[in-house]
Amino acid sequence: MASSMRSLFSDHGRYVEAFRLFLANSTEHQCMQNFIEEKLPGIIARIGDTKSGINILSIGGGAGEIDLQIISKVRAQYPESHINNEVVEPNPEQITKYKERVATASNLKNVKFAWHQETSSEYQSRIMEKKELQKWNFIHMIQMLYYVKDIPATLKFFHSLLDTKGKILIILVSGISGWDKLWKKYGSRLPQNDLCLYVSSSDITQTLETLGIKYECFELLSTMDISDCFVEGNENGELLLDFLTETCHFSKTAPPDLKAEIIEDLQRPGFSVKERGKILFQNHLSFIVVEA
């Protein structure tokens, strides 16, 4: 690995820029919204039986866009219930955006919010120091298990916080996605960092089985338009390559052979599909529902 290659996470501004472009070029949020509309009502149908209040814990809630859609479905299911929604999110900018979103929302009657600026590991340590653990009816962990060092311990801990009939929703990249193939083939040749692990749904389901925890897994297809990656010097293409490889200025700093291999593979079946003249990276997602 060339010494000039460094992790994308070392440049926060460029990471944010690349992430925004990823969201703009992918069907990720649309995919999540489809799941929330079509599958979530059935999943949460019994989490609040005989309870006057519903406790929801959001781990890595980000700016709250998906969180508020989840809350909307819970409110529709339990219109008379008070909802306590607590958010664990380490990024203060995201918490500010989340609070702004809540302030301008009109459908949050009977919903109480609390935010904790900390990582899931910090939250876990803080809660374990308490003698009484609060129980939760619904916990969701959306695209955040990549940032956890000890995944088995994390899953075991949050599973222990579930109330009777409570459920955890985990969303992350699928084991059949292009991400999984990219990480497995090239992960060792790309910059290593302490912030992000290469994990997909197949790793999580294997861990849940080892722990003896019951779950159900739904696979939803999602794509990301990466056509610009194959136009030499295209600024958006270079940003998307940074995001795909988690490498800052990948095009400029990667060894030529590594760059050529990745550019070639990204166009192959299994990594991407070609549709209407576009190259669409397979950004497939898994939705894992864990039972108490």
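Gly53 is partly exposed, with a relative accessible area of 26%. This value falls between the two cut-offs, because buried means under 20% and exposed means over 50%. The model is a predicted one. Gly53 belongs to strand β1, which covers residues 53-59.

**Around Gly53**

- Apart from its neighbours within four places in sequence, Gly53 is in contact with His82 and Asn137.
- Asn84 is 31 residues away from Gly53 along the chain, and the C-alpha atoms of the two are separated by 7.4 Å.

**The chain as a whole**

- The secondary structure consists of twelve helices and ten strands.
- The C-alpha trace spans about 60 × 40 × 35 Å along its principal axes.
- The radius of gyration is 20 Å, which agrees with the value near 19 Å that a compact globule of 292 residues would have.
- Of the contacts between residues at least 6 apart in sequence, 81% join residues at least 24 apart.

**Surface, burial and charge**

- Buried residues account for 51% of the 292 residues.
- The chain exposes about 13900 Å², and carbon and sulfur atoms supply 50% of that area.
- There are 32 positive and 38 negative charges, and the mean positions of these two groups are 5 Å apart.

**Aromatic pairs**

- The structure contains 20 aromatic pairs.
- One of them is formed by Trp179 and Phe281, whose ring centres are 5.1 Å apart. The angle between the planes is 85°, and the pair counts as edge-to-face because planes over 60 degrees apart are classed that way.
- Trp179 lies in helix α8 (residues 178-186) and Phe281 in strand β9 (residues 278-282), so this pair ties together parts that are 102 residues apart in sequence.
- Trp179 has a relative accessible area of 4% and is therefore buried. Phe281, at 0% relative accessibility, also counts as buried.
- Trp179 and Phe281 also belong to a cluster linked by ring pairs. Other members of the cluster include Phe9, Tyr15, Phe19 and Phe22, as well as Tyr146 and Tyr147. Trp183, Tyr198 and Phe243 are in the cluster too.

Methods: Residues numbered from 1 in each chain as written. Predicted model: local features only at pLDDT ≥ 70, side-chain atom pairs only at ≥ 80, totals over all residues. Heavy atoms only, no water. Helix = DSSP H or I, 4+ residues; strand = E, 2+ residues; numbered from the N terminus. Rg over C-alpha atoms; globule rule 2.2 N^0.38 Å. Buried < 20%, exposed > 50% of the residue type's maximum accessible area, 1.4 Å probe, protein only. Contact = heavy atoms within 4.5 Å. Areas by Shrake-Rupley, 256 points an atom, 1.4 Å probe, with all protein chains shown as cover. Lys, Arg positive; Asp, Glu negative; His and termini not counted. Charge placed at Lys NZ, Arg CZ, Asp CG, Glu CD. Phe/Tyr/Trp six-rings, centres within 6.5 Å; stacked < 30°, edge-to-face > 60°.
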